[in-house]
Amino acid sequence: MSRSFLGILPFLAASLAATACDAPSSRRTDGAGETEYSIVQLQTVTDPDYPGVGARVLIRDAIVTAVDTYDEDGGGHIGNVWIAEPGGGAWSGVQLFNPVVVPSRVRLAPGDIVEVSGTLDEFVLRNDDGTPMDRDGTETELVDASIQKIGETLPPAPTDVRENDLADLRTAEPWEGCLVRVQNLTLTGGYNRYGEAPTAGGIEVANDLYEIPGAGAGTTIRSLTGVVTYFFGFKVMPRGPEDVEL
Ligand SMILES: [Ca+2]
Ligand SMILES: [Ca+2]
């Protein structure tokens, strides 16, 4: 059963304050060998508490920002989930790759409060010799993950970022996995065979979660909300028609 929003609010606030202000001196490690982290710690490789690829991690009281229920190419490409820290901001979001939802009858939606466990991974396609095909970036994600709904709150608000910031690896990385809003985009083409439509400013709008009808060269988008992903460049993935203002 879900806890009520009001019931969990003080707990969430306390948790958020602890995340923002304190480096935990001793972390809880559960019986499965998972240690609790904030999403920020998982996304920041320079953080002294970054646990490293392969670590089993536990995230408590995160908020669901997006759920992939859209099979864009008929290939069964659904099931990924994105979560964020309640306060949002840079480094606060992460992708869960095809997590197991517990219990399985739960249909997750933005605003769900969840507890997640999984294995930290930095995904990149590799050549036969093991070298990365893309040396510029990876997609931080949790694999072999499970996600349990423990309550509900308001759907999270996006953070405003500039298209320029997402076009540059150094300034885009903090937003990977986060829910953002970008204003005044112009497409320079429609969706390609990978489901990516390029913008004049050097990013892409991807159709993983929703496809903008009629998108093509010259389409102007006044406001685009979506989660940021990385795969040979940064992309914004709107979640539905309400995320796109033409
Ligand atoms: Ca990352
Ligand atoms: Ca999809």
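## Fold and surface

The protein chain holds 4 helices and 14 strands; these are DSSP runs, H or I of at least four residues for helices and E of at least two for strands, numbered from the N terminus. The model is predicted, so local features need pLDDT of at least 70 and side-chain atom pairs count only at pLDDT 80 or more, while totals for chains, interfaces and linings use all residues. Residues are numbered from 1 along each chain as its sequence is written, chains are lettered from A and ligands numbered from 1 in the order in which they are written, and side-chain values use heavy atoms, with hydrogens and water left out.

Of the 246 residues in the protein chain, 45% are buried (buried is under 20% relative accessible area, exposed over 50%, partly exposed in between; 1.4 Å probe, protein chains only). The chain exposes about 11900 Å², and carbon and sulfur atoms supply 52% of that area (Shrake-Rupley method, 1.4 Å probe; for residues, only the protein chains shown count as cover). Among contacts with a separation of 6 or more, 60% join residues 24 or more positions apart (contact: heavy atoms within 4.5 Å).

Ideal octahedral angles are 90 or 180 degrees.

Tyr 70 is partly exposed at 29%. Asp 208 is partly exposed too, at 25%.

## Nonpolar cores

The largest nonpolar core has 23 residues, and Leu 166, Val 180, Ile 212 and Leu 224 have the most contacts inside it (a core is a set of buried Ala, Val, Leu, Ile, Met, Phe, Trp, Tyr and Cys residues joined through side-chain atoms within 4.5 Å). β9 (179–186), β12 and β13 (234–237) each give it two or more residues. β12 supplies the largest share, 4 residues.

Beyond its neighbours within four places in sequence, Leu 224 touches residues including Val 180, Leu 185, Ile 212 and Val 236. Another core lies apart, with 21 residues, among them Ile 83, Val 94, Val 116 and Leu 142.

## Salt bridges

The whole structure contains 11 salt bridges (a side-chain nitrogen of Lys or Arg within 4 Å of a carboxyl oxygen of Asp or Glu). Glu 204 pairs with Lys 235 at 2.4 Å between the closest N and O atoms. That bridge links strands β11 and β13, 31 residues apart. Both ends are buried: Glu 204 at 18%, Lys 235 at 3%.

Glu 115 pairs with Arg 60 at 3.4 Å. This bridge joins β6 (residues 112–123) to β2, 55 residues apart. Glu 115 is partly exposed at 24%, and Arg 60 at 30%. Arg 170 meets Asp 168 at 2.8 Å, N to O. Arg 170 is exposed at 70%, whereas Asp 168 is partly exposed at 25%. Asp 112, Lys 149 and Glu 152 form a network of salt bridges.
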